[in-house]
Amino acid sequence: MFRILAIGLAALAPALAAAQETPDQLVKRTTDEVLAIIKADKDLQSGNMSKVVALAEQKVLPHFDFTRMARLAVGRNWAQANDAQKESLTNEFRTLLVRTYSTSLSQYRNQTIEVKPTRLGPQDKEAVVKTAVIQQGGPPIPIDYVMEKADSGWKVYDVIIDGASLVTTYRGTFNDQIQKGGVDGLIKTLQERNRSGAEPSKAAAKK
């Protein structure tokens, strides 16, 4: 799941014209750019993690609203957190996703991404961009980007992979951890996971 997410997330690169582009135009244009970078760079293809992380930081993160994503993932427990805790949760959640899809992005093997046209009215501030990862020897993997229009352009605040919402998936795990150790307990768990560099599935398997 996270390998497919990583490939999909890499489609969303920052652009100077982002504020003028529709969300599907942004995804389409930058998909081509990012995949071309990977195909042309042997270090990226061989799994050079410093370069993979740098690519993710430069091309992916500017188009994600990590504060909103963290708030949605924490759910009703967000109201319990003070400002410092909210900042820590956002930072750790961001690091978690960076590590997850950077590791997966390093395993890119000539997949392609199909971006479907998005119907959008002139006043619409929300959109869902539907894409599909096309892979040899397997069915297409649908990935939907749930986006909101901000002053600086369209921002992703959820990703739906084959029908499963990313923030909803994390919400169940985060809620369990908060029930056991409070908001600080969740922050500590995320910090430990990020320091270890473990993917969420691997970290969960150790518990």
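This section describes the confidence, strand pairing, nonpolar core and selected local features of a predicted model.

The protein chain has a mean pLDDT of 84, with 85% of its residues at 70 or more.

Five strands form an open sheet in the order β1-β2-β3-β4-β5, and their pairing is antiparallel. The edges of the sheet are β1 (112-115) and β5, each of which pairs on one side only. Four bridges join β1 to strand β2 (residues 126-134) in the antiparallel sense. Ile113 has Val133 of β2 as its bridge partner.

The loop between β4 (153-161) and β5 (164-165) contains Asp162. The phi angle of Asp162 is positive, at about 50°, although this residue is not a glycine. Asp162 is classed as exposed because its relative accessibility, 56%, lies over the 50% cut-off.

The largest nonpolar core comprises 50 residues, of which Met69, Leu89 and Phe93 touch the most other members. Helix α7 (residues 166-196) supplies the largest share of this core, with nine residues. Leaving aside residues up to four places away in sequence, Phe93 is in contact with Phe66, Met69, Ala70, Ala73, Tyr170 and Phe174.

Helix α4 (residues 49-59) has buried residues at Val52, Leu55, Ala56 and Lys59. Viewed down the axis of α4, these buried residues fall within an arc of 95°, and they therefore line one face of the helix. In an α-helix there are 3.6 residues a turn, so residues three or four places apart point the same way.

His63 lies in the loop between α4 and α5. With a relative accessibility of 4%, His63 counts as buried because this value is under the 20% cut-off. The side chain of His63 reaches the backbone oxygen of Trp154 at a distance of 3.4 Å.

Key. Residues numbered from 1 in each chain as written. Predicted model: local features only at pLDDT ≥ 70, side-chain atom pairs only at ≥ 80, totals over all residues. Heavy atoms only, no water. Core = buried A, V, L, I, M, F, W, Y, C linked by side-chain atoms within 4.5 Å. Buried < 20%, exposed > 50% of the residue type's maximum accessible area, 1.4 Å probe, protein only. Helix = DSSP H or I, 4+ residues; strand = E, 2+ residues; numbered from the N terminus. Contact = heavy atoms within 4.5 Å. Arc of directions from axis to C-beta. pLDDT = per-residue confidence, 0-100. Polar contact = N/O pair within 3.5 Å; in protein donor to acceptor, adjacent residues only side chain to side chain. Pairing = 2+ DSSP bridges.
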